[in-house]
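Work through the exercises below with the model open. Try each task before reading its solution.

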Amino acid sequence: MNELSKRKWNRLLSHNEFYIAIIIVAICLLIEVRSGQFFTPNNLVDIVRSGIVPCIFGIGVLVVMLSGGIDLSFVPIAALAMYITNSVMLDTGFSGSIVVPFLLAGGIGIACGALNAVVISKFNLPTMIVTLGTSSIFTGLLRGVFEAKEKTASPILMELGSSKLFTAQNADSGLTSDMPSTLFILLGVVVVTFILLRYTTLGRGIYAVGGDPGAARRAGFRVTRIQFFVYCYVGLLAGIAGVTRTGMSQAAHFTSLLGTELTIIAATVLGGARITGGVGTITGTVLGAFLMTIVSNSLVLIGVPTYWQQFFTGALIVIGTGISVYQASKKYRGSLSLDERAKEELG
Amino acid sequence: MKKVLLVVLAVLLMATAFGCSSAPAASEAPSAGASAAESSSAEPAADGGASAGASSGWKIAMVVKDNVNAWFARTDEGVQKFAEDTGTDSFQVGPEEIDAALQVQVVEDLIAQDVDAICIYPIDPTTLEPVLAKAREAGIMVFTQEATTQESKDYDLEPFAPAEYGATLMDQLASEMGEEGTYCTMVSYVTNVAHNQWADAAVARQEEAYPNMKLVDGSDARVESEDNLERAYEKAKEMLKKYPDLKGFIGTSSNDVPGICRAIEELGLSGKVFVTGTGLPSMNESYLKSGTLKQCYLWDPANSIYALMMLAKNVLDGQTVQSGMDLGADGFNELIIDETDPTITYGKGYVGITKDNLNDLGFYF
Amino acid sequence: MEHSGDIILKAEKIVKSFGGVHALKGVDLEIRRGEIHCLAGENGCGKSTLIKIISGDYVADSGSVTLNGTRYTKLTPIESIGEGVQVIYQDFAVFPNLTVMENIAATQTLMEHKKTVNWKHYREIAQEAVSKIGFSIDFDERVENLSVANKQLVAISRALLMSAKLIIMDEPTTALTKKEVAALFKIIKNLQASGISILFVSHKMDEVYEICDRLTVFRNGENVITTDIKEVDQKKFAYYMTGREFKQEQYTCAHPGETVLEVQDLGLPGAYEDISFCVRKGDIYGITGLLGSGRTELALSLFGMLRAKTGRILIGGKQARIHSVADAQKYGIGYVPEDRATEALFLPQSIENNMIVSVLDSYTDKNGVYHAGALRRLAEEWRESLHIKIRRLSDPVSSLSGGNQQKVVLAKWLASDLRVLILNGPTVGVDIGSKYDIHQILRDLAAQGIAIIMISDDLSELLPNCNRMMIMRGGRTVCEMDTSSTTEREVANIISDTAARC
């Protein structure tokens, strides 16, 4: 093996995505062996379907984490956007373009994100504290001001949720599953975010700020503006995810959404995003989210007893994120070790 | 850009401030309502077996699980009607969200207010136990619903006897399945007492009456929906994949049946797999109409809570609780007392919901 | 040297204060095209503040900066960069999470106001930049995985891309090995040859002499002198920086007392072998050798942090069992580690708490109540006798300069009843004034009868301050000598030449 390909191989080995992919393959094989039902067309469609909303959330979380922050308020933002949008659609009996509810929810999300951004940048407070506070504000708005009640989805969102790209059928059992059209929403989010992070100066600025805000400032990145963008973008994605979920579950059940933030953050960390910022990829995040989805949707297939399912999911989070963090810490070699330095000095 | 942001911020902050200030206002509301009720107490109270003379003296609180769910909006209607009918100072309170610790605080507040009786849907009997014990020590009577295991209570009134409800669900499912085939049960959590009692009763009924039906083996016989529509849907799909011969589901949490129905429809199993269980009209309307769901069951919480409060008032009035007592609400005209535990009582409050009676129930949520 | 009035930077009468404290009280600085100019001064003299004003990070309260003939009173970072000023900070201001390529190329595309990223272009830019200083590196490696020297080279390549005319290097050699320093100096000389001016900020005298043409010294926010480097000798240089005369005579111990610590055939496989020496009351015993020679491991063994496998340690003539730090402390052995920030101090805690932490037990009565008043008086005493420059004893230790931090570490040990004090690199990162103070303290302690072991690779520190020393190489003693009968050159030879013996 020549030097270059060896380096590339080493780099691959040091990437989290690689390990997550291996874990996913292993778990898929385990499920297949245990149930014979994993690699069936309809099951794969089901998994993709269940992964759509967590993935959109995860990508939002990734963007914040890359900038070195953390957002605990994205789920309440999604709940708020989902509730208001659905109520407006219900009350007005709206039946026009499907873009409208997304614009509305996205707008609400951006407004909430902007509130986070203003507080964070103006008062220079830790992002965790701010978003913990605003998450209570958003939940409070929902319950206090809007006196939110669980509602069924409005017709237009019902239609969104039930529209399908194709139906996959398991030849043996005859079972069918629909691939929802909302997959395109996820694909859109992935593509836009990928281009943003990879090919725009703004996106690279997010990485730079997450790597070292001081250095970013000196290099000429507008740190405050970048942070502002980041929180608005997460808000936008949260709004989109909220509406998507309403459609897909045919109901604006926000209470079952609240409280899922940590699972999604865990999935993002599982996917290799560094909680201290600056490191993480969309591939990793998507893999992390799907790993969580696969596991939580296959506990019955694997045959994990009902009583043990929470334990199993929890153990996966701890072990998976543990591996991620361990990987990251191994990479923190910093300068040369003592021995290497001594050798160098001796010449 | 900056100005727009400032406006947004200002609006949000104002909204928040409004949100905060409206909270205490809301808690004022009960007493305001109560005083209105008092002022109207000159009118003769409706019956319910109460002695009208003592009626206006009691202060009875109904503690629900949260303030969001439409279910508890309906219970509030029952509380209001009870207040109007009997002239009793009665009101409904509940925590911000379904959190047992918050519900404990609500009860603490009521102890401080020195109510005469607390009616409660305990979120978690274990967590609530100490505070309910404290309430009783303070001379407050405690009446529970959906919590037969609660130690510290004077009486528990269940909308129906679990054995009877479970048997009814099984009878319905069996008739749909042609009394043969494999089935499983779904509960919110395996730790939820009521849901598991119903499921147990349904299984017992099957073992006794339908020998050709079979429960799924092992722990998959009872799956958890985590009280979440999405999870119910995902779990149902998983079960149908793992057990190709699965033909029936009994759902106990209100999220179970619509979730299972969606899975059945999507997998193309309508007419081949059957489901029944607890279900809200709004969440099941489309499945009832499409035929995936033939019948689900519910009780009118306005009636069951009305009856619970009536039971509380009767006890406060000094009446002895005996079987056949009329609590003045539909399905609660003949009280049943549990054979082993005399503090547990039952009504017959559930109703079957079909596509035909969907719009004539008097409640829709 | 030619400099025909070709001035690239001229800072005049710069005043800057922070909350009433005058950091700069009207300083001047002038840098000619193509010269390597040294800016020296003790910590807190205003060097860093001036750099930040030249880079546009701070705005001066008054005064002006003239760059390439254009006079600025309120210089912005963009203007500064536009005039070709580049600062290589001590932390290099690199992005650890990004690749070498992106670190080098990002700033340039940012200056060009590009909205999108062209990775191919990035690679070209990076290649061009790296070729300017002629080093090879994997462009796709994350910077956090590089050695300190390579990180610095990345920062320098990036600076060169910005068509730098003046590169300011803030203490660039702090974390480099000698070989790396030599490589860096070669690059600096090359840059000079291509017409770039360098402002070299440092207080390491030998380096300043080696590389710089001219010298400006600040003290307490004021100019002390600007002169050709040839005009000042080491003594003057130290005087300019500190305003004090340092007379450091060779330390001798006329009447050594009884042996306090004796080491016999001590060995720890993989670290050191067959080490024997003894330290008497009044001795300042030096141990030197390269990193990896076993010197640090030996010190750690004496302090109980490592356990020797063979041989024995005698304290006061009796065999000592030193298996833990607590054991070592029981025998009255104190240790001042190399990395004081993480190993010896509780940075966020107050100066007072740091000083008294090792004696808390002896000032605590049987009920567990400690005597706050007595401890405070003790802390005050140490502050006086160690010349620790602080405002309040309750300030956190992290607010102190390296030299003063080191004094607090010393105080911590002096507070306890000490027989042997081991110091590892006692003046690394410490400025001249504090260095002198610390040496003075060590001499006083030795005179009081404490046996002192000083481990250092700075021979200019070791030779005058020790009366005896030992040289280690590859885990073995190669030489033990009286310092009065040797020279730095001779010792340096023995250290690095594997064949030499004394």
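## Exercise 1: A sheet in chain C

Task: In what order do the six strands of the open sheet in chain C lie, and which strands are at the edges?

Solution. This is a predicted model.
- Step 1. Read the strands across the open sheet of chain C: the order is 6-7-8-3-9-10, with mixed pairing.
- Step 2. Find the strands that pair on one side only: these edge strands are strand 6 (85-88) and strand 10 (222-228) of chain C.

## Exercise 2: One pair of strands

Task: Do strand 3 and strand 8 of chain C pair in the parallel or antiparallel sense, and over how many bridges?

Solution. 
- Step 1. Apply it. Strand 3 and strand 8 (residues 197-201) of chain C take the parallel sense, over four bridges.
- Step 2. Pick one bridge. Cys38(C) has Phe200(C), in strand 8 of chain C, as its partner.

## Exercise 3: A residue in strand 3

Task: Is Ile36(C) buried or exposed?

Solution. 
- Step 1. Locate the residue: Ile36(C) belongs to strand 3 (residues 36-40) of chain C.
- Step 2. Count its neighbours. Ile36(C) has 23 C-beta neighbours inside 10 Å, so it counts as buried. The cut-off for buried is 20 or more.
- Step 3. List contacts beyond four places in sequence. Among them are Ile188(C), Ile198(C), Phe200(C) and Ile211(C).
- Step 4. Compare sequence with space. Arg214(C) is 178 residues from Ile36(C) in sequence, yet their C-alpha atoms are 6.8 Å apart.

## Exercise 4: Helices on the strands

Task: Which strands of chain C does helix 1 lie across, and which does helix 5 lie across?

Solution. 
- Step 1. Take helix 1 (residues 47-54) of chain C. It lies across strand 3, strand 6, strand 7 (166-170), strand 8 and strand 9 (214-219). Helix 1 runs at about 150° to strand 7 of chain C.
- Step 2. Take helix 5 (residues 148-161) of chain C. It lies across strand 6 and strand 7, at about 175° to strand 6.

## Exercise 5: Two domains

Task: How many residues of domain 1 of chain C are in contact with domain 2 of chain C?

Solution. 
- Step 3. Count. Eight residues of domain 1 touch five residues of domain 2 in chain C.
- Step 4. Sort the domain 1 side of chain C: two nonpolar, four polar and two charged residues.

How values were computed:
Residues numbered from 1 in each chain as written. Chains lettered and ligands numbered in written order. Predicted model: local features only at pLDDT ≥ 70, side-chain atom pairs only at ≥ 80, totals over all residues. Contact = placed C-beta atoms within 7 Å. Nonpolar A, V, L, I, M, F, W, Y, C, P; charged D, E, K, R; others polar. Helix = DSSP H or I, 4+ residues; strand = E, 2+ residues; numbered from the N terminus. Buried ≥ 20, exposed ≤ 12 C-beta atoms within 10 Å, placed from the backbone. Pairing = 2+ DSSP bridges. Axes fitted to C-alpha atoms, helices over the stretch in contact; angles between N-to-C directions.
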